[in-house]
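Hi,

Here is the structure I promised to pass on.

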Amino acid sequence: MIRKATAKDAAEIARIQVSSWQAAYSGIVPQSHLDSMSIKERAKRWAQNIKKPGDKILVADIAESLEGFIFFGPSCDEDADGEHEIGAVYIQPQAWRQGIGKELVKRAEEIMFCRFAADITLWVFEENHSSRKFYTSVGYSPDGATKEMTIGGALLNATRYRKVVNETGKPG
């Protein structure tokens with residue numbers, strides 16, 4: 001079941017994020033950074049994010065166990081004009097490729113389209129081929145924007161992906 005996150009979900013969201021980062025970004029993000037990720041510290045941040053108006057967090061609650069989450073809201077990009085963005089989609093590594101990510105993205109898009117999102121964007125590390133393939137499979141494509149990010153002392157390149165909303169207000 002896809003549902004809105006509650007304050008009591010913060011620790012599980014943090015656990016999912018840390019385990020996903022450690023599995024997905026090994027070889028991309030410095031291992032020292034991955035090893036130093038604190039579930040406790042991230043849980044505090046997620047608890048704050050859950051309380052914020054505007055940004056939304058949905059969780060995939062399967063048999064009373066959280067298996068994934070998505071974080072989305074208005075775009076933070078300087079060139080955004082009515083756009084929304086997906087800030088994070090993370091699934092427990094043992095639940096990858098079971099359709100949970102697709103369901104989370106689909107539900108988040110429905111919410112964003114109801115808010116009259118012009119387009120939906122997201123950023124992906126260029127070296128994260130698996131995530132790039134996933135986002136392409138759900139209708140996103142690179143829009144030409146790139147940026148550099150420093151994580152754990154390493155300079156990483158990210159590519160922006162976009163799903164265009166057509167004149168009917170649905171993804172095109």
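Below is what I found, going from the whole chain to single residues.

First, some housekeeping. This is a predicted model, so to speak of a local feature I needed pLDDT of at least 70, and side-chain atom pairs count only at pLDDT 80 or more, while totals for chains, interfaces and linings use all residues. Residues are numbered from 1 along each chain as its sequence is written, and side-chain values use heavy atoms, with hydrogens and water left out.

The overall picture

The chain has 5 helices and 7 strands (DSSP runs numbered from the N terminus: H or I of at least four residues for helices, E of at least two for strands). Read from the N terminus, their order is β-α-α-α-β-β-β-α-β-α-β-β. The C-alpha trace spans about 45 × 35 × 30 Å along its principal axes. The radius of gyration is 16 Å, which agrees with the value near 16 Å for a compact globule of 172 residues (taken over C-alpha atoms; the globule rule is 2.2 Å times the number of residues to the power 0.38).

Of the 172 residues, 45% are buried (under 20% relative accessible area, with exposed meaning over 50% and partly exposed in between; 1.4 Å probe, protein chains only). As for contacts (heavy atoms within 4.5 Å), take those between residues at least 6 apart in sequence: 61% of them join residues at least 24 apart.

The salt bridges

How many salt bridges are there? The count comes to 12, where a salt bridge is a side-chain nitrogen of Lys or Arg within 4 Å of a carboxyl oxygen of Asp or Glu.

Start with Arg-3. Its side chain meets that of Asp-9 in a salt bridge, N to O 2.8 Å, and both Arg-3 and Asp-9 are buried. Arg-3 also pairs with Asp-61, with the closest N and O atoms 3.0 Å apart. Because Arg-3 sits in strand S1 (residues 2–4) and Asp-61 in strand S2 (residues 56–62), that pair ties together parts 58 residues apart in sequence. Asp-61 counts as buried too, at 15% relative accessibility.

Then there is Glu-109 with Lys-163, whose closest N and O atoms are 2.9 Å apart.

Is Glu-83 buried or exposed? With a relative accessible area of 10%, Glu-83 is buried. Leaving aside residues up to four places away in sequence, Glu-83 touches Pro-74, Ser-75, Ala-118, Asp-119, Thr-121 and Arg-162.

That list includes Ala-118, found in the loop between H4 and strand S5 (119–125). Ala-118 is partly exposed, at 31% relative accessibility. Again not counting residues up to four places away, Ala-118 touches Asp-81, Gly-82, Glu-83 and Val-165. Gln-22, by contrast, is 33 Å from Ala-118, C-alpha to C-alpha, and 96 residues from Ala-118 in sequence.

Cheers
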